[in-house]
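Subject: Structure handover

Hello,

Here is the structure I said I would pass on. Please look it over before reading my notes below it.

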Amino acid sequence: HMMFPQPWTETTAFPHPFSGLSYNSSTSRSNYLSYGAVDMSMWLGNAFMINAWRRMVLHLRPIRTGTFAGSMLTRLHVPFSYMWSPAFVPKPADWPPYVRVIGTCHTDSTSPTRGLAENVAYSALREWLSKGPPPIFVGFGSMVVKNPTWLANVIMSAAERAGQRVLVQSNWSKIEVNGSPLCFEVGPCPHDWLLPRVAAVVHHGGAGTTAAGLRFGKPTLVCPFFGDQFMWGDMVRRSGAGPAPCPIAKLTQDLLADRFVELTSPEMRSRAEALGLAMRGEDGIEGGYNHFVERLPRHKLLCDVSLLLEKPEHKVASFNLVSIGRMALPTASLVLGFISGIVFTVAFVPAQETICDSFPIEFNTTRIECHEARSLFQLGLAATALTVGIVLGCMMNIVGQLFGQAHPPPAP
């Protein structure tokens, strides 16, 4: 059972997030084929590491390169739980029943932000927030900005043109915006405390950051850097909770100023709040647990405790024992037939002195010695016993098949 925050199951609704295909296109066959292409390329590039891990750590046989292992999860119908909101990105119509969109996984724990209001490190931030309307949050998380000074100038100019307060969070790249009275810079700060205090969000489009902003009902602009960030940016546009994404390399002060105005419009705020309300009513953790339990193949599982449990567990165990017996009985019959041949040749062949009374003999000018006759006799007995074992094994297989069909497994 797989659980993942990015789509990895073939669909015509949208392409694989790492395929590089455009998300502006409608339903197409190329979207569907992109998943197999990405899977195969990733498998061919990582097969040697995966097989080394299988051999040295798991002590399993390597997977052959030409077995299309990249699409193994799809071929084996492995259940997949996708960890995003169905209100945000609904499940595509062509996904099979064992694939489910379970909702955003989050906790309501307040431990990371407990006592934040009393923290001296955030006193300046609290004071700045209290002096005006809620700002627009701008942060790019762990993304590395090649030219932070350029980006800082773009943000400050856009804030001045739009007349909008902007809160910039520096993380892996420090973005200094102290040159504008409309902008304020903050370092690492818990989003579950900070995001409810802003008017909208602008970020790189990571799966977690996107979900966090939308869950609080904030209009969102995604400035993707690479990978699945382009997908989440377009999904925000499709949901109506934000404008079309703008790659960070194409961001300009005029474009960002226009997006600031659009993000604070009543229409976009209303759509984002409606989506946030739906997302807050979901429980991805419980949804993932329920999906896992529902798809757990209990009718194929067996342990020693299963035989001691109440119904229907002991019926499950009984069927599995029968299923195992359908293979074990024919095999045991063949083994017993071979052993019987050995026993017959050792225990029931007449003694040497008795069988050799009439030997040697002449037959058609061929002299047959006593030891030769005994070897022929032993070989005949072994062949007869092995034949009986094979026939018995086939009969037991037929009986096992009939018995197994008479006791189908209970529904999971």
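Predicted model: local features only at pLDDT ≥ 70, side-chain atom pairs only at ≥ 80, totals over all residues.

S1 pairs with strand S2 (residues 80–82) in the parallel sense, over 3 bridges. Within that pairing, Met-3 has Ser-81 of S2 as its bridge partner.

Five-stranded sheet

A further open sheet has 5 strands in the order S6-S5-S4-S7-S8, and its pairing is parallel. Strand S6 (183–186) and S8 are the edge strands, each pairing on one side only. From one strand to the next, the twist averages 20 degrees. S6 runs parallel to strand S5 (residues 166–169), and 4 bridges join them. Opposite Leu-167 stands Phe-184 in S6.

Helix H6

Which residues of H6 are buried? In this helix (residues 207–215), they are Thr-209, Thr-210, Ala-211, Gly-213, Leu-214 and Arg-215. An α-helix has 3.6 residues a turn, so residues three or four places apart point the same way. The cover over the buried residues of H6 includes two strands of the five-stranded sheet, S7 (200–203) and S8 (220–222). Helix H7 (229–239) and helix H9 (266–280) are also among what covers them. After H6 comes Gly-217, which has a positive phi, near 75 degrees.

Cavity

How many cavities of 30 Å³ or more does a search of the whole structure find? The search returns 1. The largest cavity holds about 40 Å³ of space. Its lining is made up of Phe-140, Gly-141, Met-143, Val-145, Gln-169, Ser-170, Asn-171, Trp-172, Ser-173 and Ile-175. By class, 5 of the lining residues are nonpolar and 5 are polar, with no charged residues. One of the lining residues, Gln-169, falls within strand S5 (residues 166–169).

Regards

How values were computed:
Residues numbered from 1 in each chain as written. Heavy atoms only, no water. Buried < 20%, exposed > 50% of the residue type's maximum accessible area, 1.4 Å probe, protein only. Contact = heavy atoms within 4.5 Å. 1 Å grid on protein atoms, 1.4 Å probe; cavity = no way out; pocket = protein on both sides within 12 Å on 5 of 7 lines; lining within 4 Å. Points joined across faces, edges and corners; volume = space filled by probe spheres on them. Nonpolar A, V, L, I, M, F, W, Y, C, P; charged D, E, K, R; others polar. Pairing = 2+ DSSP bridges. Axes fitted to C-alpha atoms, helices over the stretch in contact; angles between N-to-C directions.
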